[in-house]
Amino acid sequence: QVPLVESGGGLVQAGDSLRLSCAASGRTLSVYDMGWFRQAPGKERELVAVDNWSGGTPRYADSVKGRFTISRDNAKKTVYLQMNSLKPEDTALYYCAARLRGSQTFGSWGHGTQVTVSS
């Protein structure tokens, strides 16, 4: 398990941008897949983006492709989610999660940061 703390959420207007950050403490992130998830009221949690520990092309939900970008700085133990062209339907609580290489599930989660997009 690795402690994760998200930040950067807020209230923005449609079309605006936000950058979320996820800071880890303790362990290096270089052996973890890092993911961003979100959950809107009344809806199930969904995967937004995943960055693999070994590199390669990140995966994105179809709903955010071309608008969101996940990145990491292993030296700073921080993962980012750059969100551009935000839409009201992006409104949700955004979570950062870590999955140790070789594991099947994300075992470490942050408490989330709220993103609200007004129309």
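This is a predicted model: local features need pLDDT of at least 70, side-chain atom pairs count only at pLDDT 80 or more; totals for chains, interfaces and linings use all residues.
**Figure 1. The protein as a whole is built from strands.** The protein has 11 strands and 0 helices. Read from the N terminus on, its elements run β-β-β-β-β-β-β-β-β-β-β. The C-alpha atoms fill a box of roughly 40 × 25 × 25 Å along the principal axes. A compact globule of 119 residues would have a radius of gyration near 14 Å, and the 13 Å of this protein agrees with that. Of the 119 residues, 40% are buried. Among contacts between residues at least 6 apart in sequence, 55% join residues at least 24 apart.

**Figure 2. A disulfide joins Cys 22 to Cys 96.** The S to S distance in this pair is 2.0 Å. A search of the whole structure finds 1 disulfide. Cys 22 lies in strand S3 (residues 18-24) and Cys 96 in strand S9, so the pair ties together parts that are 74 residues apart in sequence. The torsion about the S-S bond is about -75 degrees, and the disulfide is therefore left-handed. Cys 22 has a relative accessibility of 0% and counts as buried because the cut-off is under 20%. Cys 96 is also buried, with a relative accessible area of 0%.

**Figure 3. Lys 77 sits in a loop and has a positive phi.** This loop runs between strand S7 (68-73) and strand S8 (78-83). Most residues other than glycine have a negative phi. Lys 77 is not a glycine, yet its phi is near 55 degrees. With a relative accessible area of 26%, Lys 77 is partly exposed.

**Figure 4. The surface of the protein and its charged side chains.** The protein exposes about 6200 Å², and carbon and sulfur atoms supply 47% of this area. There are 14 positive and 10 negative side chains. The centres of these two sets lie 6 Å apart.

Note on methods:
Residues are numbered from 1 along each chain as its sequence is written. Side-chain values use heavy atoms; hydrogens and water are left out. Helices (H or I, at least four residues) and strands (E, at least two) are DSSP runs, numbered from the N terminus. Buried means under 20% relative accessible area, exposed over 50%, partly exposed in between (1.4 Å probe, protein chains only). A disulfide is a pair of cysteine sulfur atoms within 2.5 Å. The radius of gyration is taken over C-alpha atoms; the globule rule is 2.2 Å times the number of residues to the power 0.38. Contact means heavy atoms within 4.5 Å. Accessible areas come from the Shrake-Rupley method with a 1.4 Å probe; for residues, only the protein chains shown count as cover. Lys and Arg count as positive and Asp and Glu as negative; His and the chain ends are not counted. The place of a charge is taken as NZ of Lys, CZ of Arg, CG of Asp or CD of Glu.
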